[in-house]
Structures are given as structure tokens and as C-alpha cells.
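Here is a friendly note to read alongside the model. Please keep the structure open and look up each element as you go.

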Amino acid sequence: MALPDLPAHELVAKLKARQVSAVDIVEATLRRIDAVDGDRPTPGGRAAPDDRRIHAYLSLQPERALERARAIDAQLARGEDPGPLAGVPLSVKDIFCVAGTPSTAGSRMLANFVAPYTATPVERLEQAGAIVIGKTNLDEYAYGSSNESSAFQPSTRNPWDPARVPGGSSGGSAASVAAGMAALSLGTDTAGSIRQPAAFCGVVGVKPTYGRVSRYGLIAFGSSLDCPGPLARTARDAALALAAMSGADPRDATAAAVPVPAFDRALTGDVKGLRLGLSPDYVRIRYPDPGTGEIRDAEIDPQVKGALLAAAQRLAAAGAEIVDDVPMPNTSFGIPAYFVISRVEAASNLHRFDGVKYGYRTPAAVDDLPAMYRRSRGEAFGLEPKLRILMGMYVSGAQYAKQYYQRALRVRTLIRRDFDAIFDPAGPYRLDALLTPTTPTTAFPLGAVYGDSVLMQYADLLAVNANHAGLPAVSFPGGLDAQGLPIGLQLFGRDWDEARLLRIADAYEALTAAEPWRQARPTALSGAVQAG
Amino acid sequence: MSDIITPELFTYLVNLAALELGPEEADYLRRQLNNQLKAIRELERIPVPDDVPPAAHGVTFGPTERPALRDDVITLSGLAAAILAQAPEIDEGYFVVPEISHGPA
């Protein structure tokens, strides 16, 4: 297997055994990017009609990466330990500040912003030896589920089919990991923004417990929902990355003072006796008809459901106990509540962009300060940020807040109670994890949903409640559909119990190692795998 | 059913949001807002008992989760120049902005 396709933990082992150097790894990764990624997206850019490149990276930092690689090689030569992620190529969603790099949030507003400091999770991953290769594309300010709303075009393509979206908002992160352009990526998850693209691109994505990972240096979207987390090609890699980035941080009062376990030590391969729940509320969806707005009930894609049931069966054969018919009655209210809560938080967070301290300012002559604000924000924000600000303003207005915002926060309590009931050690279900699909369908074609802001939001229906409830969830590969597109399965767990979810995902990798779909490669790599 | 976000209410929100919009953009945004409100109205269908409190966060931060307060000391970032360098216009360490009008209150 070529270096860019090896899992992070194998790269570290090879490096420490002195079979490869960190410079070799970085150079091979840069060659892979050169072979498959195509031109860097720009504000107002567009793709050629026959373009099959992935366009995951917004910016590359090859000099910085090679300098770090040389430093790691020198550490090894001196007999020092360069860390548990030594030499691992890392991509970073461009919503994190990395000192000295453009940090754009996928917005025209920040197209020229160069971060003066580095986000805590990035700093910690680098301290563990990971090497930042570049920053990846995303929906503007992480507002979307397809990557198409980025101001930087062409938006990221799905490596398994470049005519389809990679998911979002961490779409560039997921695509970069799937195509060997990084072994790990740092993303963020506010309603599924790590897990949904991980599912669409056939990789592992972890939304940690709220407070597990510091948000310092993250350009904020929904401050009560945002969770930084890893994307990786294996559960073991995700465990190593999560351990490196987690823990309390004096610069973020919401980073919890909870001990960080060595997540990789929990990966025993054993699922015997674990109680895994299946819920009927996660195999059907309620969503508004795009034409009439009427609420409809539908089954999820039968192939996705098939992969879920196959996984349950296989895990049961390995000794897990499957608990059927677990009720999650408030599941369908996750998106309506999210429409309210996330918009209020987004509107609040976006008010700092005013053309004064940093970011875009209109070049037009204006009469006074308020006109400058309106013009700068009007010119630099895309449609999705504007929509979110306006909705946030409306539902938090004094005369409407009780009906919308306060009610949504109380519905959030009901959603949390669904999970409390199934994980209660004295309750009727006593689950270790709830096993569900990550998404109702596999990756959809570019342009199929974009523009319908309601339908796009419903792409997160099966993922969003982990954010409302704050608890951890992991998406892991569960097969391919008839079109060869990845299917993602999801595990929800108790607060701070990421280790158990990763243990199950890791065990499932071992249980399915011989399956043909495990050997399948993204189509974008055909002809490019020799590079690197 | 008539739109909840009428053109008048929309104009009011756009002003609050400090946005300047083109006409096509405004039409699209107002239509999407009204569509989203149809989905949000689902919230009214849920019986929410009076004793259900609002949740500002999903995870309860008790004494074991809540980090200790930092000491109340000033720490300098040393980044003032790098931060100011990001501003569209500065003059001797000050941000420069267009005139702040003092019209009738």
C-alpha cells in the first residue's frame, strides 16, 4: 500500500522503526494532493464541466509541513520520542485558526484573514507530532451539509464519485482523508458536520462529548453545539487523534475538567456482553415536502437500513446483545429545534464581522458607519449566513422568543431525556450504545439539494440529536450501496464514553476485514495511486 | 396560508441584521425563511409539560466537569501588531471607521 493510504498508526510505527522518514511521508502526501486535488478553490471560481478533481484543500502549507517533518526526523535521530502522532499528515478544516495561515471559514468575509494564533486542538495535535499539510474547504461558516455553500469554488467533490457531494460541513476534511491527501483531519460537528461527511466519504468521524475538546481558536457557529473532533480512516487512528486533542484548556471555560483516557487502549476487539440498541425512530424520517411544506413520513434508503441490520447481526454473532424497539420518541423534533437554537447562536456569533477589526470592508464610498456595516456584510456574506442571521433575529425577538427560542430549548431537554432513559443503568434498556444509520441516504448529486435550505437541513436528521444532547457519537463505514457509494453507521453513547463507541467501531472493522467492500477504493484514486 | 415573514417584517429584520441586500437575494431569503418556519412549526405539535426546563447545554457541567476559575491576572498575548495588521484600516494603533453620525435620537 502506498504511504498516503496507510493508516496513521501504521505510519507512526514505520517512522519509529526508521523504515520511512517524516519528510518521505510529507512528500508522498504532497504528490498525492498534486495528482488528485486539482486547482485550489477561490472566491468566484468554477469547475470545468469535465472536472473530476476533488478540490478538498483551500490552502497548502508545504514549507511549514516540511520544516516540521525535518524537525521530527532530527528528534528521531537524537533518540527522542516525537509523539504518538509523529509524522502523521493532518488536514485542518478552515474554520480553525492556525497562526500565519489563511483562516477563511469558507467565506468571502475572511478571504484575506491570516490567523495571528493557533487553535488549541491544532496546537495539541502538532505537539503530538502530527504535521499540518493544509486547510480544507467547508460550507461557509460550517453552515451546510454538502460543501456547496462555500464561497470558495469549485466546492469539494466526493472521492467515490466526483459528481456527488462529499457532505458537509467538514466535506474537505472527509474527502482529504478518504483520498489519502491526509491520514487525519480536524473537523467540527454542530449537527453532524463531522459524521455526515465521514459517512458520505467512507471514513470514521467522531463527534466527542461537548466539552471534551477545547473550542479556543475555532471560528464559532453554534456555541452550545460546536464540537471539534477527528476524521480518520480507522477507529484506532481516530482514537489516537481524539486523545491528543482532548482535555481542559484555561482558554476555554467550556472545556471540561474531565480526565482523558488513552482511547486506543480501549480497542480490545471484544464486544461480548455489550448492549446495543436499535430504534424504529432512526429508520424512518419525518420531513417537510419540498413542494408543499407538508410533513411527510418516509423510510430511509433500504440499502442503508440493510447495512444497519447486517451490522447488528454481525455484532450479535460476536457476542453483543441487540436490544430491539428502543423508543426515541423525540427524534424527529431535532431539526425543528435546531433551526431555532443554531440560528440564534449563529446570528449572535456573526455580529462580530463588521468590517472594522478584521475581514472584509466594502471598497465603496459610504456616508457613515452603519452604512459601512450593512454594505460590507451584504457584499461579503453568502446566502446561507444571511439566512441564518435573519432567522436568528426573528426567533429570538422579544415578541417571538417564548414561542420559538424558549420552546426549542425545552424540546432540547426532552431530546436529552430520550437518551438518558436508554442509557440509564437502572432502566429497562441499559444500553452501552445506540446503533443507527448516520444519514438517511448515501451521498447525493451536486446541485440536487443545494438551494432548498429546508431539505438540506434535514440531511442531518439522524445526527443532530447528539449535539442537542451533548453526548458523543461516532460514524463508521458500514458498506457500499449498489452504486458503490459508502454507507455510514453511527453509535451514540453516554457522556464522556467515546472509548466504548470507538471499541465497537474498531471491532466492526476487524469483523468485516474480509468483506469485498473493505477492499474498495475511491474512484478518484484510479490512476493516481501510483503517485506517492 | 399567508407568509409569516411579510415584506415589512423582512425589511425590519434586514435592518436589525445590518445587511444590505439586492432584490433577487431578498426574494430568495424571504421565501426560505417562510419555508423554514413551516418546519419549525412542528415544535408546536410536541406536548411540552410545564415542568420541563430549558437546556442551554446538553451535558450538565457539575463540580467534576467544571474547570477551576483562572487566577485573575493580566496576561499579554504579544500579538497586538499581528492582530492590528488584520484590520482594513488603522492609524497609529487605532481602527479607522467612517463617520459616526449623531442624528436625532
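1. **Confidence in chain B.** Chain B has a mean pLDDT of 92, and 96% of its residues score at least 70; pLDDT is the predictor's confidence in each residue, from 0 to 100. Among the elements of chain B, helix H1 (residues 7-16) has the highest mean pLDDT, 97, and helix H3 (residues 80-84) has the lowest, 93. Helices here are DSSP runs of H or I with at least four residues, strands are runs of E with at least two, and both are numbered from the N terminus. For the complex, the predictor gives a pTM of 0.97 and an ipTM of 0.95.

2. **How to read this note.** This is a predicted model, in which local features need a pLDDT of at least 70 and side-chain atom pairs count only at pLDDT 80 or more, while totals for chains, interfaces and linings use all residues. Residues are numbered from 1 along each chain as its sequence is written, and chains are lettered from A and ligands numbered from 1 in the order in which they are written.

3. **The outline of chain B.** Chain B has three helices and two strands, and from the N terminus their order is α-α-α-β-β. Its radius of gyration is 23 Å, whereas a compact globule of 105 residues would have one near 13 Å. That radius is taken over C-alpha atoms, and the globule rule is 2.2 Å times the number of residues to the power 0.38. The C-alpha trace of chain B spans about 55 × 50 × 30 Å along its principal axes. Of its 105 residues, 18% count as buried. A residue is buried if 20 or more other C-beta atoms lie within 10 Å of its own, exposed if 12 or fewer do, and partly exposed in between, with C-beta atoms placed from the backbone.

4. **The outline of chain A.** Chain A contains 16 helices and 15 strands. Along the principal axes, its C-alpha atoms fill a box of roughly 65 × 55 × 50 Å. Buried residues make up 63% of the 532 in this chain. Two residues are in contact if their C-beta atoms, placed from the backbone, lie within 7 Å. Among contacts in chain A with a separation of 6 or more, 76% join residues 24 or more positions apart.

5. **Where the chains meet.** How many residues of chain A are in contact with chain B? There are 64, and they touch 49 residues of chain B. Helices H9 (334-350), H10 (369-380), H11 (383-396), H12 (402-423), H13 (453-457) and H14 (465-469) of chain A each supply at least two residues to the side of chain A that touches chain B. H12(A) gives the most, with 11 residues. By type, this side of chain A divides into 41 nonpolar, 11 polar and 12 charged residues. Here Ala, Val, Leu, Ile, Met, Phe, Trp, Tyr, Cys and Pro count as nonpolar, Asp, Glu, Lys and Arg as charged, and the others, Gly among them, as polar.

6. **Strand E4 of chain A.** In strand E4(A) (residues 131-136), six of the six residues are buried. Strand E2(A) (residues 57-60) runs antiparallel to E4(A), joined by three bridges, and A:Tyr57 has A:Thr136 as its bridge partner. Strand E3(A) (residues 89-93) pairs with E4(A) in the parallel sense over five bridges; there A:Leu90 stands opposite A:Val132. Strands pair if DSSP finds at least two bridges between them.

7. **Helix H4 of chain A.** E3(A), helix H4(A) (residues 120-127) and E4(A) make a right-handed β-α-β unit. Right-handed means that, with the strands pointing away from the viewer, the path from the first strand over the helix to the second runs clockwise. The buried residues of H4(A) are A:Thr120, A:Pro121, A:Val122, A:Arg124 and A:Leu125. Their cover includes strands E3, E4, E6 (184-189) and E8 (227-232) and helix H7 (235-245) of chain A. After H4(A) comes A:Gly129, with a positive phi near 105 degrees.

8. **A residue in helix H7.** A:Ala241 lies in helix H7 of chain A. Why does A:Ala241 count as buried? Because A:Ala241 has 32 C-beta neighbours inside 10 Å. Leaving aside neighbours within four places in sequence, A:Ala241 is in contact with A:Leu85, A:Leu125, A:Leu184, A:Pro230 and A:Ala232.
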